[in-house]
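Colleague: Thanks for making time. Could you take me through some of the labels you use here, and say what each one rests on?

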Amino acid sequence: MVFATSSTRVFVCRENRAGEQFLTKLLEVSDLTVNFNTERGTIYALDRINLALDTGEVLALVGESGSGKTTLGRAILNIIPSPAGEIKEGRILFQGKNILEMEESECNLLVRGKTITLIPQDPFGSANPLFTIGTQLKDLLKASGLHEKEMKERITTLLSQLQLPADTGLLRKYPHELSGGQLQRVMIAASLLPNPSLIIADEPTTSLDVTVEAQILLLLRRLVKERQVSVLYITHNLAVASQVSHRITVLYAGQVMESAPTNLFFKKTAHPYSKKLLQCLPNSKGEIRDIGGSVPSLIHPPEGCRFHPRCEEAHTRCRQEKPKMIELELGHWVSCHDQTRKKGREP
Amino acid sequence: MIKPEKREENLNLEPSGTTLCKASGIFRVLRSHKKGIEIVENVILRTENLKKYFPVKKTLLRRHVHWIKALDGVDLELREGQILGVVGESGSGKTTLAKTILGIYQPSEGTVFFKGDLISHLSPKRMKSIRREIQYVYQNPGASFDPWWKVERSLGEPLKIHENLSNPEIEKRVKGVVKSVGLEQDHIFRYPHEFSGGQQRRLALARILVLNPSLIIFDEPTSGLDVSIQATILKLLKKLRNDLGLTYIFISHDLEVVRMMSNQIAVMYLGAVVEHGSTEKVFMDPKHPYTQLLLAAAPKIERPPLEEDVLIQGTVPDPAHIPSGCRFWPRCPAPFEICKTEIPLLKPIDNSQKVSCHKY
């Protein structure tokens, strides 16, 4: 697993012996910096983000609200609201092409809703209340030139895979007639209809019951296995992330703090912020621990490591210098001065 | 059943001021020759066979079609200082239970006793004095504040309704409460939208605490919050309870949160309590298949991802058409024949756990 950093640039396209280019990564984000210009000042929302996603891999993006998770998801689709939002730097290579350099029309034709789809956080806010589920799902297939009958067949097969029997008149129902779990499954169906290679799931289970959440997580895992689709799973809950992901990337105030394969992340949590996030989860011992302090304003982000004001182990260097991403073990990247120092001591 | 009004009259006849419902036999009573009847045991809240049905009306003539049984016979008992966690999926009647206890909904049947007094079916005027003792924290505190009012006015409002205080006194009290929930004193001159989600929850808590209630009902107090902010709020709730000696009813669908907070737990399914007992007992050894399902479904780091066979498919049935017999049988992994016809009672298994399942 190769993780791209600013110091060690990894290129997506490599040449094989015959001189043809082939892909190593499905998605590769490097040095992505996003600012929002507001009346109160510039919000430094994302600061040199690097991440990579393989085909069939689930990457969980974990962080508190305001850490830039959703902004990153939007940047990948290049739908950051402009002119306030501005992608200052970086590139997003998807299947070898830089999404940020694409023409709007090209992006609409090839990427958005086609090869990259989005599962929204709030299904009721995203489905059109005036049209039936059937109409809305068929609209997604209109451009494909399929016949009415074929479209319906494809939709019903997909819905039955998602345990939504279409024969109960589901297609004739309006969004408000469905429960939250059902509608969220319809949204997942909508995101799968165009056969995408990447799904961005923005907190898809946050508003759902645990039982429905478990069903949806199970479904996502199965889809990833069967269809080899990649998922960028945005969540604030590490427990949920542990259930679906192959890899976890922790964001804090627009910076990547730690990124590791899921098993390794929980076994050898390295960054102080990740450790604190884990402590926040309710435990059976009954003691409650919080991080203390709050997420900083991104108009005036702290100098150096952005986590230092809330970090118990912070020292002078953390306040002055932004730590570099270092690889502790194969695939386990962390951005913390302490870890760099420890690593330096080892032979 | 005695008509509510009549019952109220009977209770008013009690000479000592402490009222007692003799017919129901709820409270163990001690007779001391001087004071008359005294209530022992510090039971603060008790519901008996509490039911709330909502009528469904259809067609032009608003013909009554059927009932939605949101609450179908709930018996609960809460002692002073306890924290009762109420868990269940959406549609299981958690919020209806809270609102019926508060008197926002009139129960269709059954009774609610608060500190020994019958409080269901009271007139709105008499209910007002009880409302100040039982307080309800709404699910979405941001929406329950008036956006045009400064926080100071919103927090002072309950005092204006319930207490006869001068403006400086109100401000003093509001400032004190704001401090106790961990906000700055100048925060009260701001508008609700200027606060973050976590701060809004603190404000909602402050608005309730100004009245010094003895029982607080929290409806999903941490839903929609980040884990870190959730931890901060839960910590605050525990601290306030210890400092002020409060009793909580804690409604949540997050089992881990309830486990951490409560010492009693009631698991609700389709308007009925299916399992009730001490939190430790219910979590360590869940008896009802629904409780087992809920516990299995909650994501946990230490546990590998769930496989298909563990999960029970389906969702909560429509409360207008509750299955016959045990209401859980269509989703139950191993229902008996008897489950389809006969409703199981909430039976005690031992002295700290009750379950309504034909298995036991």
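What follows is a conversation about a predicted model.

Colleague: Why is B:S262 counted as buried?

Modeller: The cut-off for buried is 20 or more other C-beta atoms within 10 Å. B:S262 has 22 C-beta neighbours inside 10 Å, so B:S262 counts as buried. It sits in the loop between α8 (255-261) and β11 (264-269) of chain B.

Colleague: And what is B:S262 in contact with, leaving aside its neighbours within four places in sequence?

Modeller: The list is B:I83, B:L84, B:G85, B:F250 and B:T279. For B:T279, the residue lies 17 residues away along the chain from B:S262, with 6.6 Å between the two C-alpha atoms.

Colleague: How do you know whether B:A143 is buried or exposed?

Modeller: B:A143 has 10 other C-beta atoms within 10 Å, so it is exposed. B:A143 belongs to the loop between β8 (134-137) and α4 of chain B. From B:L45 it is 98 residues away in sequence and 28 Å away in space, C-alpha to C-alpha.

Colleague: Let's turn to a helix. How do you know that the span of α5(A) is close to what is expected?

Modeller: Helix α5 of chain A, residues 148-161, has 14 residues. The expected span is 1.5 Å times one less than the number of residues.

Colleague: What makes you say that the buried residues of α5(A) line one face?

Modeller: The buried residues are A:M151, A:I155 and A:L159. Looking down the axis of α5(A), they fall within an arc of 60°, so they line one face of the helix. As a general point, an α-helix has 3.6 residues a turn, so residues three or four places apart point the same way.

Colleague: Which elements cover those buried residues of α5(A), and which residues are exposed on the other side?

Modeller: The cover includes α4 (133-141) and α6 (180-192) of chain A. On the other side of α5(A), A:K149, A:E150, A:T157 and A:S160 are exposed. After the helix comes A:Q163, with a positive phi near 55°.

Colleague: Now the sheet in chain A. Why are β8 and β13 said to stand at the edges?

Modeller: Eight strands of chain A form an open sheet, in the order β8-β9-β10-β5-β11-β12-β14-β13, with mixed pairing. β8 (116-119) and β13 (326-329) each have a single partner strand, so one side of each is left without a neighbour in the sheet. The twist averages 20° from one strand to the next.

Colleague: What makes β13(A) and β14(A) a pair?

Modeller: Pairing needs at least two bridges. β13(A) and β14 (residues 332-334) of chain A have three bridges, in the antiparallel sense, so they count as a pair. A:E327 has A:W333 of β14(A) as its bridge partner.

Colleague: One last topic, the contact between the chains. How many residues does each chain give?

Modeller: Chain A gives 31 residues and chain B gives 29 residues. On the side of chain A that touches chain B, α7(A) has the largest share, with seven residues. That side of chain A divides into 14 nonpolar, twelve polar and five charged residues.

Key:
Residues numbered from 1 in each chain as written. Chains lettered and ligands numbered in written order. Predicted model: local features only at pLDDT ≥ 70, side-chain atom pairs only at ≥ 80, totals over all residues. Contact = placed C-beta atoms within 7 Å. Helix = DSSP H or I, 4+ residues; strand = E, 2+ residues; numbered from the N terminus. Nonpolar A, V, L, I, M, F, W, Y, C, P; charged D, E, K, R; others polar. Axes fitted to C-alpha atoms, helices over the stretch in contact; angles between N-to-C directions. Buried ≥ 20, exposed ≤ 12 C-beta atoms within 10 Å, placed from the backbone. Arc of directions from axis to C-beta.
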